[in-house]
Amino acid sequence: MRQVLICWGGWDGHQPEQCAAVVSDMLQAEGFSVRVEAGTEAFADTAIRDYSLIVPMLTMTKIEKPEIENLELAIRGGVGLGGFHGQAGDSFRDCVQYQYMIGGQWVAHPGNIYDYTVEITKPDDPLVSGVSDFPYRSEQYYMHVDPNNEVLATTTFTGEHDAWIDGHVMPVVWKRRHGQGRVFYSSLGHQAAEFEGPQMREIVRRGLVWAAR
């Protein structure tokens, strides 16, 4: 049976423990064996190099050098990396080695929580096939992103809150490679209740399954 590691912690506002439970149930339903751990210590376990998928849920936390080095070796060697929102896109602000793997870093969400639109840019890709553009209510993430990402969905800022970003198109969902590992990221998913949205949940489910070795 393929194994998944979920590590949760960090800022409570993202409900990391609750989101870890949601994703654990989702992946178990897909046939994975799921290990859920608090904190980052499990990243230093060399056994994770044989796993199928690693899902970080760790907003604004620190990662020690042995942990990031072993994690990077695991992904480079073929283990999948997948995550969402600040749980994976704002995990380790001072660790560029991690940001290089995940493909981006949160920097702002002007206006905080409000309504915006998620626009599907590659409708033929299996991760978003059959999903049309959809309205979404949450934080609209402004991110620094890697040009090597394969972007599957975007959002457009209106300038209502910060006039100088009016009309700017920002990636929301992407996939990429890091060595032999597949990497998936979605900026949707501020709290566990957002998994009740069918489009958001389905994209994350497909993305994590795709990333898994």
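1. A contact here means heavy atoms within 4.5 Å. With that in hand, Val22, Val23, Met26 and Leu27 of helix 1 meet Arg201, Arg205 and Leu208 of helix 5. Sorted by class, this contact has 5 nonpolar, no polar and 2 charged residues (Ala, Val, Leu, Ile, Met, Phe, Trp, Tyr, Cys and Pro count as nonpolar, Asp, Glu, Lys and Arg as charged, the others, Gly among them, as polar).

2. A word on the basis: this is a predicted model, in which local features need pLDDT of at least 70 and side-chain atom pairs count only at pLDDT 80 or more, while totals for chains, interfaces and linings use all residues. Residues are numbered from 1 along each chain as its sequence is written, and side-chain values use heavy atoms, with hydrogens and water left out.

3. Now the geometry of that pair. Helix 1 (residues 16-29) packs against helix 5 (residues 198-211) at about 60°, and their axes are 11 Å apart (axes are lines fitted to C-alpha atoms over the stretch in contact, and angles run from 0 to 180 degrees between N-to-C directions).

4. For the chain as a whole, you will find 5 helices and 11 strands (DSSP runs numbered from the N terminus: helices are H or I, at least four residues, and strands E, at least two). The C-alpha atoms fill a box of roughly 45 × 35 × 30 Å along the principal axes.

5. Lastly, the UniProt record, an unreviewed entry, places "domain: ThuA-like" at residues 3-211; such annotations may be inferred rather than shown by experiment. The span is 25% helix and 34% strand, and its end C-alpha atoms lie 13 Å apart.
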